[in-house]
There are 2 protein chains.
Amino acid sequence: MTRITPFVMAKPMESPTSLTHGAYAKLRAQLLACRFAPGEKLKIDDLCRRFEVGSSAVREALSRLASEGFVVSEPQRGFRVAPLSVDALSDLTNVRCSIEELCLRGAIEKGGIEWQTQVVAALHRLSHTPVWADKAARRYSEEYARAHEIFHEALAAGCGSPWLLHLRATLYNHSERYRAFSGPLSKVDRDLDREHREIAEATLARNSERAVTLMNQHLQMTTKVILDSVLAGEPAPESAKARPGDAHLPESLPRKRGAPA
Amino acid sequence: MTRITPFVMAKPMESPTSLTHGAYAKLRAQLLACRFAPGEKLKIDDLCRRFEVGSSAVREALSRLASEGFVVSEPQRGFRVAPLSVDALSDLTNVRCSIEELCLRGAIEKGGIEWQTQVVAALHRLSHTPVWADKAARRYSEEYARAHEIFHEALAAGCGSPWLLHLRATLYNHSERYRAFSGPLSKVDRDLDREHREIAEATLARNSERAVTLMNQHLQMTTKVILDSVLAGEPAPESAKARPGDAHLPESLPRKRGAPA
DNA sequence: TATTTCAGGATTATGCATTTTTATTTGCAA
DNA sequence: TTGCAAATAAAAATGCATAATCCTGAAATA
């Protein structure tokens, strides 16, 4: 009965195979986009109505998101959106630099023709995607964010280490949450196109030292822009209702999960 | 009403604040100890009876464990124990070497007196804990495994980076699962005490290069011993019932979680 | 003013109904 | 009689609604 499908592009439409997974994906996307304020209480019933699913699905989605560090679970008090903090962003950026360096060096050493091709393709897509969704508000467009993610993932993919790529993706997603939180970005004219192009060129030229240096500068600069935006201007651009809680106070983000049995 | 408690040791008895968390902790402990065979089907009802909780609690525990990579979730087909593979162990070990190196260098650079003290204490505890639970079977005792974990965690803790320590703990736990899977360890006389002591000495002496070299050798040697044990002797020592599924075939372990919304 | 009690609300846990998957059996044809 | 396929039955996973437990906050009392 399986009809022959001529060609299938890489999953153009997501099929939420189960309500649980659908709720998880939607909630996760809204969390990453900072549609919920950090520290905000996530009431089960509200989420049930919002996503039109039962409490089981919502609870399961929240559990997974909690173990990923995007929400925090207090034993008998329900769930809250994981807080953001300057210290956590600083730590996150530093660790991310280290991990991206490992990926980059591995990719330069082991990457083959397929990897090179994907990097070139991703760079092309990125440089031909409009950066700003709202020129006045200076906020990135959804398409640009996606192309940016694909570009960085393509660079790292060459290392061929599933675990390293998994760690990298984790850190990238958490960084994205900070970027989404930041308001209109500072006016310093940053030639993102040039940064990405130079990183790609140094990488494809197998110049590890230069590639790593450029990548670190790229990541630290991004963090600096975000911090400037948050500390200077208004913190939240269009984050939803409810109490904003703590926005940027120094506290740790990824709390340790129970190791002892 | 809070009665004054004279002294409280570090949580001698776990208080399962909720049934869900209790089931999660128990299941996780059994997973890490390889009480379930890799690839084995995890039936909800069986787990309900085994842990004496409802299906919600079990489902939630499985969700969290799935996002941690200890079980895999197939959309409408339930959950299975995450498979193990030689390739995955190899990758895991390599990445772990890199992460432990980052932790170690950071700790040597930034660790203070408190860190040094904890390292010395952990080394003392480790060297005075009996290694073998069953001398004949050559299997580590529970106490030794715990002391070993504390020792390595103490070494890394000095780096002071929450994110780096989180990544390290993740990799350590997955490595533990492989160690628990391996049968009786090979007869090569390995002076574990000496290895740990030399690592600690080099670290406390702020000798980064030597400490990192020794740590890498330590980790790679552990992996080699495990591989020898698995490839040579009988694969599973006392793993529970049910079909063992695939034990050691080359496949990837940490499958990517859905990034696209 | 501090403590206690009580009501409201939210989270947690359970059991059942629905839907999908899988295994077995039956029927038909070679 | 054997092999394949469809249909049926069993089992399991998913989703939902209800019940019980716990926390939060305010009112009342000492």
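A polar contact here is a pair of N or O atoms within 3.5 Å; within protein, one must be able to donate a hydrogen and the other to accept it, and residues adjacent in sequence count only if both atoms are side-chain atoms. This is a predicted model, where local features need pLDDT of at least 70 and side-chain atom pairs count only at pLDDT 80 or more, while totals for chains, interfaces and linings use all residues. Residues are numbered from 1 along each chain as its sequence is written, chains are lettered from A and ligands numbered from 1 in the order in which they are written, and side-chain values use heavy atoms, with hydrogens and water left out.

Now DNA strand C. A backbone N or O atom of B:Gly54 is 2.5 Å from one of its phosphate oxygens. B:Ser56 instead places a polar side-chain atom 3.5 Å from a base oxygen.

Near means a heavy atom within 4 Å. There are 16 residues around DNA strand C, and A:Arg59, B:Leu19, B:Thr20, B:Gly54 and B:Ser56 come nearest. Of the atoms of DNA strand C within 4 Å of the protein, 85% belong to sugar and phosphate.

On to the sheet in chain A. Strands are DSSP runs (E, at least two residues), and two strands pair if DSSP finds at least two bridges between them. The sheet is open, with 3 strands in the order E1-E3-E2 and antiparallel pairing. E1 and E2 (71-74) are the edge strands, each pairing on one side only. E2(A) and E3 (78-81) are joined by 4 bridges, and A:Glu74 stands opposite A:Gly78 in E3(A).
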